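Here's a quick briefing to read with the model open in your viewer.

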Amino acid sequence: MATFTFKGGVHPYDGKDLSKDKPIAPYLPKGDLIYPLSQHIGAPAAPIVAKGDRVLVGQKIAEAGGFVSSPVYSSVSGTVKAIEPHFVSTGSKVNSIVIENDGLYEEAEGLSIKPFDEMTKQDILAVIKESGVVGMGGAGFPTHVKLSPKEPDKIDYILVNCAECEPYLTSDYRIMIERPDKIIGGLKVVLELFDNAQGLICIEDNKPEAITTMQKACEGESRIKVVVLKTKYPQGAERMLIHAATGRDLNSTMLPADVGCVVDNCDTITSIYDAVILGKPLTSRVVTISGEAIADPRNFEVKMGTNIAELIEAAGGFKSEAKKVISGGPMMGFAMFDLECPTTKTTSAITCLDKDDISEKPTTACINCGRCVTACDEGLVPARLAQFAERFDLDAFQAWHGMECVECGCCTYACPAKKPLAQMIRNLRRMVMANRKK
Amino acid sequence: MSDLRNVSSSPHIRDKMTSTSIMQWVTIALIPAAGYGVFHFGPNALMLLLVTVASCVATEYIYEKLMNKPITIGDYSAVVTGMILGMNLPVSATWWMAVLGGVFAILVVKQLFGGLGQNFMNPALAARCFLLISFAGRMTNFSYDTFTGATPLAELKAGNPVDVMSMIIGNEAGTIGETSVIAVLIGAAILLWKGIIDLKIPGTYLLTFSVFMLIAGGFDMTYLVAHLAGGGIMFGAWFMATDYVTSPITPKGQIVYGVILGVLTGIFRCFGASAEGVSYAIIFSNLLVPLIEKYTVPMAFGKVKEKGGKK
């Protein structure tokens, strides 16, 4: 049975009013475009262009490097300037294709598609795989892999993750307001793959307009309905979303398919629509540029590879000193040391905060208050796990279910002693995972 | 590369609540009971409260200064310890007992074990018990003003009648902070409202204790109410059993802890030599906390209990 919420979680200041009423505006890049070859989970893509080649909009420039991988398409027309490592917003250096934009936006031929009625399931999956669509909520898991579970007949629910529980983010919200038909269309494509599945569009109750719009859009659709969830972070986390919408629970050893669910982000669903119905590969996405330090918070339709510093300028630049610039939202995003990074398939937002809670609030001793326990949506005891992490006690860490952590950050947010609990736990989880691989 | 920005691992935002603000709220919540104590027992009560607080804060400051540690007196935890200790003293206690208690609480129980968050026993209660053992006569002399009688609990134990209404208001003999049930409950309401404590520990504590006393008292309601209103049970349940550091962090553990407290308090009050038993019940249960936590590790979300219980 659906519960519409979950135990634990936190209610951070959401900051969505800054940009929620700004329509999605297309943004045309000025500088060079950079396409990292690893924008997804899995093997990096392999470049199929060379320095000096001319490329067109929607032309494939890198081939998937394996089954769990995804191709990359050019979002502009121009010349390949270099193939060299570049910093991406996560802080690592990734081999990337650099393209000089000629400003003509000459389009290449689209994906080869048949009319939708004539497509078989294999055709649909092949188009999705070819289009380069990955999980655009942030994880970047190749969508065609997610849509190919072992037993597709056992999938009961396709959940469209429109919860958008991260503070400041409004890109999914704007998509729901402006492109409801695309979400429904994309969801119908996915439902075509799963005969016994029902489509659930999951929205938090702090977005009443989006709920009304989506409810209207799915009128007359027998297999699709809107599920209204309580507003709480991390409502959009996969396990929490499935629990809230369907009442089914899964742990770290399971995949959503094990409980008959497939979860896709709302922008991913619209990209599936673009690929399968319109034959357009993934070359752009909606990005929110927001935060207290931004002069004119906006939602842009951004061409992949666009420089992030350029996007910030397009949103009026900084009106006050940006103490922290985050790719993504403040709860799970990556703080960037340098703004000269490209937009990728998983860049949902650029959040510019005018204060830095981390350096302003010193860490004090744990007083065992249990706020982290109340906040933990996985039912863990973060304070103890962090103690085990401090002394690298891997056994105790696992006995206290440390590997179940989803790294949502609620414990760190709630901690009155300002201890980096989630970070310490994350660190130890990496060690355990590394040991398991040995 | 001089314009590099601050980086941090996510999450990048923090809640407004800090340890200091929690301690400040606890201090505020203690004021009704402390205020009533001063009103009821007179200026000597105020002197004792001020001396215990000053002694605790000064001990913390001097120790940390000598040990070259960061000075943490600004976090109000020593103030809370001092207030709770003061409120656990009878009004006839002397100033040097207050000083000694403060030094023992902070130096021996708190700082020597590593400071805030590391003590295994409630510092204020440990100091009270230390004083109780060392100066039994003075610590159990509850005479004030012209009143020289026994506490309501002692009367109850002796089989004499007690005035329950007067016990709820607090117009009775006892330690400075414990006599008024109403004042303690006002403070408890503040803690509950600010989300600083929840009902798990005090609720199960009082419930278990009630059941125990109901059976021990032969289902006499007046006896039960007198026991709930008398002595340190209210103050202990809301302000001392709920001490974060010395209570279990696991939700189930908190229930177990409350039950143990209730049973122990009942045993001490019914079968012990003294009429009171809350302080000893709490510090004894403090020692059981690591054990309780070990057996109450919560089941993680989505995990099904493996057959054969704990793995």
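Two strands count as paired if DSSP finds at least two bridges between them. Keep in mind that this is a predicted model. With that said, here's what to look at in chains A and B.

**The open sheet in chain A**
- Three strands of chain A make up an open sheet, ordered 3-5-6, and the pairing is antiparallel.
- At the edges sit strand 3 (46-47) and strand 6 (72-73) of chain A, each pairing on one side only.
- Strand 3 of chain A and strand 5 (residues 60-63) of chain A run antiparallel and are joined by two bridges.

**Strand 14 of chain A and its partners**
- Strand 14 (residues 298-303) of chain A has five of its six residues buried, so it is largely enclosed by the rest of the structure.
- One partner is strand 1 (residues 24-27) of chain A, which pairs with strand 14 of chain A in the parallel sense over four bridges.
- Another is strand 13 (residues 284-290) of chain A, paired with strand 14 of chain A in the antiparallel sense over six bridges.
- Asn299(A) is a handy spot to look at both pairings: it is the bridge partner of Ile24(A), and Thr288(A) stands opposite it.

**Helix 7 of chain A**
- Eleven of the eleven residues of helix 7 (residues 266-276) of chain A are buried, so this helix is largely enclosed by the rest of the structure.
- Among those buried residues are Cys266(A), Asp267(A), Ile269(A), Tyr273(A), Asp274(A) and Val276(A).

**Helices 3 and 4 of chain B**
- Over in chain B, helix 3 (residues 77-87) packs with helix 4 (residues 95-110) at an angle of about 135 degrees, and their axes are 10 Å apart.
- Angles over 145 degrees would count as roughly antiparallel and 65 to 115 as roughly perpendicular; helix 3 of chain B and helix 4 of chain B are therefore oblique to each other.
- The crossing of helix 3 of chain B with helix 4 of chain B is right-handed.
- On the helix 3 side of chain B, the residues in contact are Ala78(B), Thr81(B), Gly82(B), Leu85(B) and Gly86(B). They meet Ala98(B), Gly101(B), Gly102(B), Ala105(B) and Ile106(B) in helix 4 of chain B.
- Sorted by class, the contact of helix 3 of chain B with helix 4 of chain B comes out at five nonpolar, five polar and no charged residues.

How values were computed:
Residues numbered from 1 in each chain as written. Chains lettered and ligands numbered in written order. Predicted model: local features only at pLDDT ≥ 70, side-chain atom pairs only at ≥ 80, totals over all residues. Axes fitted to C-alpha atoms, helices over the stretch in contact; angles between N-to-C directions. Parallel < 35°, antiparallel > 145°, perpendicular 65-115°, else oblique. Left-handed = near helix turned anticlockwise from the far one by under 90°. Contact = placed C-beta atoms within 7 Å. Nonpolar A, V, L, I, M, F, W, Y, C, P; charged D, E, K, R; others polar. Buried ≥ 20, exposed ≤ 12 C-beta atoms within 10 Å, placed from the backbone.
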